[in-house]
Amino acid sequence: TTPAGESYKNARKNINETVLCDKRNNDFNYVIINQSCNAMIQRITSASDMLPLVSDDLLKEAQYFHLTIALWLTYGFEFNPEDPIHKNLADQIIVVENKITKVRSHVQNSIDYLPGPLRFVLGLFSDRNRELQELYNVREGYLRMFYEYAKKLHEDIKSGELLTRHDDYEKTINKIEDMKKSLMYNYFEDTNTRLTTGEITSECLTMVSAGLDNTPLNFKYGIHQLVNYHPEMWHTAYSELVEAYDGDVKRAYNECGSDMRCEYIKAIVQETLRLFTVLPMALPRETTSNVIYQNVVIPKGTTLFMNCWAGNHDERKFPDPMTFRPERWLTTVVTESFQEKTVVDTTMRHFAFGIGCRMCLGNNFAIRELYVLFCKLILKFEPVPATGLVPTDNPLALNSYPESLAIEPVPFNIVLRLREHAGNGTPA
C-alpha cells in the first residue's frame with residue numbers, strides 16, 4: 001500500500017539503518033532473537049503434561065516469538081506471553097493482521113476490479129467495508145498505544161525516571177541501553193528527523209506485521225518436513241551443528257544465533273522458504289512508467305503480480321521441485337588453506353522475499369529468526385514422526401485458505417521428545 005517515491009525511500013532507508021541492517025543483526029538483534037526463542041522453548045516444555053514428549057501446533061508460539069522480537073526492536077516494549085493482558089493483546093494483533101492479510105488477497109475482493117464509480121456505489125452497501133473499517137480501527141488502536149508507550153519510555157529514560165523504578169541498578173542500565181536501540185527511541189531522539197508521522201507509522205507496522213505470519217508459517221512447515229517426512233535430516237542437522245562447535249552442545253545452543261555457522265541448517269532454511277513460498281503471488285505492484293517487455297508495452301499504472309511460486313518451483317532451476325531437498329543449496333569450495341568446505345551456494349536464488357528494489361528489507365533478519373528456531377529446537381528435541389494419518393507435505397494441499405494471500409496450513413500438532421541432556425532449560 002506504500003506508493004513508490006521519496007517518502008517510501010526515506011522510510012526504507014531509515015528502517016534499514018536503524019533496525020534491519022546486517023551490522024545490527026550481527027551486533028544486537030541476534031541477542032533478542034536468542035532470548036525470545038529460549039522463552040518460547042521454555043513455554044512449550046512447561047505447558048506439556050506429557051514430558052518428555054511435547055505436542056504443540058507451534059504456530060501460535062512462533063507468532064509470540066516474532067512479536068516479542070518485533071515489539072522490542074520497534075518500541076522497546078517488553079512483551080511477555082505469560083502475562084494475560086499481553087497475551088490477549090498479542091492474540092488480538094494476530095487475528096487482525098491475519099484478517100487483513102486475507103482481505104488483501106487478489107481474488108477475495110472482486111469489487112476492487114470494478115470501475116471507480118460502480119465500486120463506490122456498491123461499497124456503500126457492502127458489509128465488507130464495515131468489516132474493513134473495524135479492522136482498521138483496531139489496528140490504529142494498538143499502533144497508537146505502542147506509539148504512546150514508546151514516547152513515554154523515551155521521556156522516562158531521558159529524565160532518569162526509569163532508573164528509580166528498579167532496585168537492580170546495573171541490570172536496569174543495561175536494559176536502558178538496549179531500549180535505546182529501538183526504532184522509536186531513535187525517532188524521538190533525532191530532533192532533525194525528516195520522517196513524517198505517516199512514514200514512521202508505516203515502518204512500525206512493517207516491523208510488527210511483516211513477519212507475523214511469514215516466519216511462523218515457514219517455521220511450522222519446515223519442522224513438519226523434518227519431523228514427519230525427513231527425521232534423518234533432523235539427525236544430520238544435529239550432528240552438523242554440534243560438530244560446528246567442537247562437540248559442545250551448550251555452546252552451540254548459546255552461540256548459534258550470533259555466528260550462524262552450520263551450513264546444513266542454513267540450507268534447510270533456504271529450502272523451506274523455496275518450497276513453502278508463503279506468498280505464492282507476492283504483493284501487487286503498480287508500474288510507475290510504461291514498461292516494454294518482449295515487444296509488448298505495459299502501460300503506466302498497471303497492477304502486476306510476480307508469480308513467486310512458479311519461480312520457486314521451476315524444475316529447470318530446481319529439479320524435482322516439490323521434494324524437500326536442502327542439499328540442493330550446498331556446494332563445495334576450496335579454502336585459502338586448500339581444504340574443501342561445504343557451504344550454501346550464494347549464486348542460487350529464490351523469490352520468497354521478492355526481488356529488486358521492492359524486495360523485503362527484512363530478508364536477512366527473517367532468515368536469522370528461522371535459523372535460530374531450527375537450531376534450538378533441533379538441539380533441544382528429537383523428532384517423533386506422526387503415526388497414522390500424516391498431514392500432506394504439499395504446501396498447496398495443506399493450505400486451509402486457498403483464496404488467501406498467504407499459504408496457511410491446516411492446524412495440526414508437531415510431536416517432539418526432549419533430549420536426555422536437555423532438561424527444562426538450556427542444554428547441558
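In this predicted model, strand 6, made of residues 330-334, pairs with strand 7, made of residues 340-344. The two strands run in the antiparallel sense, and 5 bridges join them. At one of the facing positions, valine 334 stands opposite glutamate 340 of strand 7. The hairpin formed by strand 6 and strand 7 has 5 residues between the strands, and phenylalanine 338 takes a positive phi near 65° in this hairpin. As background, the side chains of a regular strand alternate between the two faces of the sheet.

## Aromatic pairs and a cluster

The structure holds 9 aromatic pairs. One of them joins tyrosine 75 and phenylalanine 146 in a stacked arrangement, with 5.1 Å from centre to centre and 25° between the planes. Tyrosine 75 belongs to helix 3 (residues 59-75) and phenylalanine 146 to helix 6 (residues 127-159), so this pair ties together parts that are 71 residues apart in sequence.

Phenylalanine 146 also pairs with phenylalanine 77. The centres of these two rings are 5.2 Å apart and their planes stand at 75°, so the pair is edge-to-face.

Together with Tyr149, the residues Tyr75, Phe77 and Phe146 form one aromatic cluster.

## Charges over rings

Two further contacts bring a charged side chain over an aromatic ring. The charged end of lysine 181 sits over the ring of phenylalanine 28, at 4.9 Å from the ring centre. Arginine 274 lies over the face of phenylalanine 318, and its distance from that ring centre is 5.1 Å.

| Helix | Residues | Number of residues | Span, first to last C-alpha | Expected span |
|---|---|---|---|---|
| Helix 1 | 6-20 | 15 residues | 20 Å | 21 Å |
| Helix 10 | 231-244 | 14 residues | 20 Å | 20 Å |

The span of helix 1 is close to the value expected at 1.5 Å a residue, and the span of helix 10 is likewise close to its expected value.

Which residues of helix 1 are buried? They are Tyr8, Ala11, Ile15, Thr18, Val19 and Leu20. Seen down the axis of helix 1, these buried residues fall within an arc of 130°, so they line one face of the helix. On the other side of helix 1, the residues Glu6, Lys9, Lys13 and Glu17 are exposed.

In helix 10, the buried residues are Met233, Trp234, Ala237, Tyr238, Leu241 and Val242. Viewed down the axis of helix 10, they fall within an arc of 160°, so they also line one face of their helix.

A disulfide is a covalent bond between the sulfur atoms of two cysteines. How many disulfides does the structure hold? The number is 0. Cysteine 256 is in no disulfide, and the nearest cysteine sulfur, that of cysteine 375, is 4.5 Å away. A disulfide requires the two sulfur atoms to be within 2.5 Å. The closest cysteine sulfur to that of cysteine 262 is also in cysteine 375, but the distance of 6.0 Å is too far for a bond. Cysteine 256 counts as buried at 0% relative accessibility, and cysteine 262 is buried with a relative accessible area of 2%.

## Two partly exposed residues

Valine 138 has its place in helix 6. This residue counts as partly exposed, at 29% relative accessibility. Valine 138 and cysteine 256 are 118 residues apart along the chain, and 37 Å separates their C-alpha atoms.

Where is glutamate 403 placed? Glutamate 403 is in the loop between helix 15 (395-398) and strand 9 (414-418). At 34% relative accessibility, glutamate 403 counts as partly exposed. Between glutamate 403 and aspartate 56 there is a separation of 347 residues in sequence and of 26 Å in space, taken from C-alpha to C-alpha.

Definitions and conventions
Residues are numbered from 1 along each chain as its sequence is written. This is a predicted model: local features need pLDDT of at least 70, side-chain atom pairs count only at pLDDT 80 or more; totals for chains, interfaces and linings use all residues. Side-chain values use heavy atoms; hydrogens and water are left out. Buried means under 20% relative accessible area, exposed over 50%, partly exposed in between (1.4 Å probe, protein chains only). Two strands pair if DSSP finds at least two bridges between them. Helices (H or I, at least four residues) and strands (E, at least two) are DSSP runs, numbered from the N terminus. Rings of Phe, Tyr and Trp (its six-membered ring) pair if their centres lie within 6.5 Å; planes under 30 degrees apart count as stacked, over 60 as edge-to-face and the rest as tilted. A charge sits over a ring if NZ of Lys or CZ of Arg is within 6 Å of the ring centre and within 35 degrees of the ring normal. The expected span of a helix is 1.5 Å times one less than its number of residues. The arc is that of the directions from the helix axis to the C-beta atoms.
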